[in-house]
Amino acid sequence: MGGYAVSTILTLVSATYVLALTPAIEPTPLASLHFNSPADLPYQVEPSPVLRGSQFGYNICNSTTQNQQSLCQTMYVNHLDDFCLWGPDKPNSKIQDTEGEEVAWCTSNKYGTRQIPGGALQGAQLLRAPDYTLISGFIDQTQVNIQDGDSGGELDPHGQDLAGNPMGGIVFSNAFSGSNTTYQQVPEWNLFIGSGTFCLKICPDNGPAKNSAGFCRNTLDRLGCFYNSPANPQNGTFEACDSANMDLPGVYVANGQTLTYTQPAESSPLGALPYTPTVPASSNCPPFASTALYAALASVSSAPQGSSTPAPSSAASTSGASSRGASTSKPSSSGSANPTTTPANGASAFGVSLAATIAGVVFSVTFLS
Ligand SMILES: *[C@@H]1O[C@H](CO)[C@@H](O)[C@H](O)[C@H]1NC(C)=O
Ligand SMILES: *[C@@H]1O[C@H](CO)[C@@H](O)[C@H](O)[C@H]1NC(C)=O
Ligand SMILES: *[C@@H]1O[C@H](CO)[C@@H](O)[C@H](O)[C@H]1NC(C)=O
């Protein structure tokens with residue numbers, strides 16, 4: 001009897017201990033949710049993420065949510081003239097403080113979202129590869145509420161609790177469906193945004209290689225655009241190209257052996273990287289005038305959007321946000337993700353760590369060696 005009681009207590013104690021040490025993960029990981037069409041979306045796909053309060057916005061978006069205060073978290077990546085980015089709700093926000101709650105900013109006014117203000121996009125290149133579509137470019141990030149100079153980070157449908165960054169963020173595309181009017185959900189995607197640059201990659205699950213998680217790998221968040229999504233966009237130029245597939249992110253050949261790079265823990269220095277990615281061959285790149293691509297945006301004001309409340313106080317007033325800032329400092333690395341890791345914000349959009357603050361070299365690797 002006594003022995004039974006003691007062992008029960010020990011079991012309970014050890015179960016509690018294990019629970020306390022195991023980072024809570026979402027029972028329905030965002031990347032595993034499948035919706036056949038936007039019409040199938042619930043109001044919120046991740047209403048109650050286990051670690052981080054509740055989903056900030058919503059996934060049902062329509063004409064009543066088509067305004068510059070929209071909290072729509074369903075976005076579209078179709079073509080150079082028709083895509084969205086994730087950006088903060090309030091002006092002057094940092095990505096690392098708001099990654100769990102970004103909202104959709106689009107070139108179109110038909111998705112029930114905010115619109116990217118006219119002139120914010122300064123250059124963009126679309127690479128249409130067999131297994132992914134990648135849009136890289138230059139942006140006045142203050143016009144989508146990102147603080148001037150913020151080196152930003154990676155957003156993707158994972159995060160340490162698997163509810164995504166933003167939590168509940170859903171992406172649709174017509175780029176792989178064979179019809180401009182058929183939108184298919186893209187379960188794997190990532191967006192690096194910061195330092196006036198961005199790269200947005202979508203990986204459909206019906207690509208020929210059937211490797212959406214590989215092409216949209218989410219565990220190299222400290223390496224930025226060039227290592228995750230190699231491309232060579234030019235500031236001031238808008239073009240859409242056919243492209244070969246990139247090598248899988250992090251996979252490289254050394255001394256005849258194929259190796260896979262693993263990013264060190266956030267607490268360790270990145271050190272020298274053992275390889276340099278190759279920009280895949282591209283062709284058939286007609287240039288466009290931004291005025292032709294984004295004519296509808298000309299009338300969208302670049303005045304600060306959202307409420308006039310500064311970002312930090314707004315974040316503090318959001319349920320669960322006080323822990324959100326720190327706990328999400330490591331946007332997307334899964335595996336060893338530790339919710340208590342001190343914010344390091346090593347993830348800058350195009351470079352490694354702080355190197356991306358050097359303007360003009362964001363897409364190159366000059367500073368890596
Ligand atoms: C429009 O979207 C809002 C916000 O998600 C939702 O509450 C409302 O029910 C939607 N309206 C229709 C007609 O679907
Ligand atoms: C599909 O969309 C693309 C880009 O938005 C456009 O160039 C093309 O003409 C469209 N195709 C059809 C059949 O409407
Ligand atoms: C891109 O060009 C614009 C306009 O010249 C400039 O203001 C911006 O700083 C450039 N962006 C980067 C990252 O160099």
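Q: Which backbone oxygen does the side chain of Arg217 reach?
A: The idea to start from is the polar contact: a pair of N or O atoms within 3.5 Å, where, within protein, one must be able to donate a hydrogen and the other to accept it, and residues adjacent in sequence count only if both atoms are side-chain atoms. Here the Arg217 side chain reaches the backbone oxygen of Pro249 at 3.0 Å. Arg217 also has a polar contact of 2.9 Å with the side chain of Thr219.

Q: What kind of model am I looking at, and how are things numbered?
A: This is a predicted model, in which local features need pLDDT of at least 70 and side-chain atom pairs count only at pLDDT 80 or more, while totals for chains, interfaces and linings use all residues. Residues are numbered from 1 along each chain as its sequence is written, chains are lettered from A and ligands numbered from 1 in the order in which they are written, and side-chain values use heavy atoms, with hydrogens and water left out.

Q: Where does Arg217 sit?
A: Helices (H or I, at least four residues) and strands (E, at least two) are DSSP runs, numbered from the N terminus. Arg217 is in the loop between α3 (212–215) and α4 (224–228).

Q: Is Arg217 buried or exposed, and which side chain of opposite charge is nearest?
A: Buried means under 20% relative accessible area, exposed over 50%, and partly exposed in between (1.4 Å probe, protein chains only). A salt bridge is a side-chain nitrogen of Lys or Arg within 4 Å of a carboxyl oxygen of Asp or Glu. For charge, Lys and Arg count as positive and Asp and Glu as negative; His and the chain ends are not counted. Arg217 is buried yet has no salt bridge, and Glu154, the nearest side chain of opposite charge, is 9.0 Å away.

Q: How many salt bridges does the structure hold?
A: There are five salt bridges in the structure. One of them joins the side chains of Arg52 and Asp161 at 2.7 Å, N to O. Arg52 lies in the loop between α1 (2–21) and β1 (74–79) and Asp161 in the loop between β7 (153–155) and β8 (170–173), so this pair ties together parts 109 residues apart in sequence. Both Arg52 and Asp161 are buried.

Q: What does the salt bridge of Arg128 and Asp242 tie together?
A: Their side chains meet at 2.3 Å, N to O. Because Arg128 lies in strand β5 (residues 121–129) and Asp242 in strand β12 (residues 238–243), the pair ties together parts that are 114 residues apart in sequence. Arg128 is partly exposed at 34% relative accessible area, and Asp242 is partly exposed at 28%.

Q: Which residues do salt bridges with shared partners join into one network?
A: The network is made of Asp89, Lys90 and Arg114. Within it, the side chains of Asp89 and Lys90 meet in a salt bridge of 2.4 Å, N to O. Asp89 counts as buried at 10% relative accessibility, and Lys90 is buried at 14%.

Q: Let's turn to the ligands. Which residues are around ligand 1?
A: A residue is near a molecule if one of its heavy atoms lies within 4 Å of it. Around ligand 1 these are Tyr43, Tyr58, Ile60, Asn62, Thr64 and Thr65. Ligand 1 has an oxygen atom 2.5 Å from a polar backbone atom of Ile60, and an oxygen atom 2.4 Å from an N or O atom in the Asn62 side chain.

Q: How much of ligand 1 does the protein cover?
A: Accessible areas come from the Shrake-Rupley method with a 1.4 Å probe; for residues, only the protein chains shown count as cover. The protein covers 45% of the 370 Å² of accessible area that ligand 1 has on its own.

Q: Which residues surround ligand 2?
A: They are His79, Asp81 and Asn180. A polar side-chain atom of Asp81 is 3.0 Å from an oxygen atom of ligand 2, and for the side chain of Asn180 an N or O atom is 2.4 Å from a ligand 2 oxygen.
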